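Subject: Structure for you to look at

Hello,

I am handing over a structure that is new to you. Please open it alongside this note.

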Amino acid sequence: MMISLIGTGKMGSALVRGWLRAGVRRDQLLLWDKNPLALEPFKNRALLAVSGKEAVDKGEIVVLAVKPKEIIALLKEVGGLLKSKITVSIAAGVPLEELRKTPSIWVRAMPNIACEIGEGFIAICGDEEGLDKVESIFQLIGKVARVEEGLMDAITALSGSGPAFASILMDALADGGVRIGLPKELALQIVTQLFLSTAHLIQSSSLHPLQLKEAVCSPGGTTIAGLQVMERGGIKGILMEGVEKAYIRARELNQIFKGSVKDEDIAG
Ligand SMILES: NC(=O)c1ccc[n+]([C@@H]2O[C@H](COP(=O)([O-])OP(=O)(O)OC[C@H]3O[C@@H](n4cnc5c(N)ncnc54)[C@H](OP(=O)(O)O)[C@@H]3O)[C@@H](O)[C@H]2O)c1
């Protein structure tokens, strides 16, 4: 099966690297990007198209990995060739209703950057005829969930943006380590192992995160002393509001895409 991908920027290249890592052959990946520098890293690792039209023409599954605002121009360019293809849009906030104005078998997907190492989370929804094949290619690079389209903006906020949220938490904890005298490199090493092991512990047991927290908090000990300060600062509420704000932004992108509001008209 030939996977064609248009837009080898940050997310598109993470998908390609994930597929290559999972053993997808060079001759099964056809890439196109209007920026030659974005294609450069793949020149010996995948097939490179000379145009978007060539990429679409030769692909069985066509993945559109351009920015939401670039999708319209791309569809003007290649839309006429998509009819018999399974087309996957990974654009945040671009609804199926809009995509379906261009005839194709449409699947909307929300991956995250961890697809690069086969540890992504990918939510998909769309036309039934395309879902099995799209699920099979995304299963190579992460966990796939079929969802109702109504959940996509929330998944964009929690999963698409999630690696940035987790990274800032890691950096903050490591800075705490620096504050008490650890070199940053060592602090980051500790925090990375902390996140990996905590995620594994929660995944491999039936423990709720709060049960794990209880297990670490000895009466009168160090952990509860630290947590008291974090709770006083409202750490949980801030994180919840951050996710909610990302969700609101995903919904705004939806509206901007439909043309019902302009970005500059949205306050904050
Ligand atoms: N970044 C993430 O973590 C993430 C997570 C989930 C979903 N997404 C979605 O993934 C999509 C891509 O995001 P990104 O962060 O990877 O953007 P990006 O880094 O800007 O990559 C997009 C690439 O597509 C190229 N491009 C634009 N229009 C094109 C066209 N008509 N034909 C061929 N190539 C074209 C761009 O070239 P130029 O640079 O020359 O414009 C750029 O190299 C977005 O829709 C986003 O919502 C991203």
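Predicted model: local features only at pLDDT ≥ 70, side-chain atom pairs only at ≥ 80, totals over all residues.

Start with the ligand. It sits in the second largest pocket. Around the ligand are 22 residues. Lys10, Met11, Asp33, Val66 and Ala92 come nearest. By class, this shell has 13 nonpolar, three polar and six charged residues. Two helices each supply at least two residues of the shell: α1, residues 10–21, and α4, residues 71–78.

- Lys34 uses its side chain, with a polar atom 3.1 Å from a ligand oxygen.
- Lys67 also has a side-chain N or O atom by the ligand, 3.3 Å from one of the ligand's oxygen atoms.

How much of the ligand does the protein bury? Taken alone, the ligand exposes 890 Å², and the protein buries 82% of that.

Now the pocket itself. The second largest pocket has a volume of about 1200 Å³. Its lining is made of 39 residues. Ala65, Val66, Lys67, Pro68 and Glu70 lie nearest the pocket centre.

Which helix gives the largest share of the lining? That is α12, with six residues. The elements that give two or more residues to the lining are α1, α4, α7 (152–160) and α12 (235–258). By class, the lining divides into 22 nonpolar, eight polar and nine charged residues.

Best wishes

Methods
Residues numbered from 1 in each chain as written. Heavy atoms only, no water. Near = heavy atom within 4 Å. Polar contact = N/O pair within 3.5 Å; in protein donor to acceptor, adjacent residues only side chain to side chain. Areas by Shrake-Rupley, 256 points an atom, 1.4 Å probe, with all protein chains shown as cover. 1 Å grid on protein atoms, 1.4 Å probe; cavity = no way out; pocket = protein on both sides within 12 Å on 5 of 7 lines; lining within 4 Å. Sits in = over half its atoms within 2 Å of the grid points. Helix = DSSP H or I, 4+ residues; strand = E, 2+ residues; numbered from the N terminus. Nonpolar A, V, L, I, M, F, W, Y, C, P; charged D, E, K, R; others polar. Points joined across faces, edges and corners; volume = space filled by probe spheres on them.
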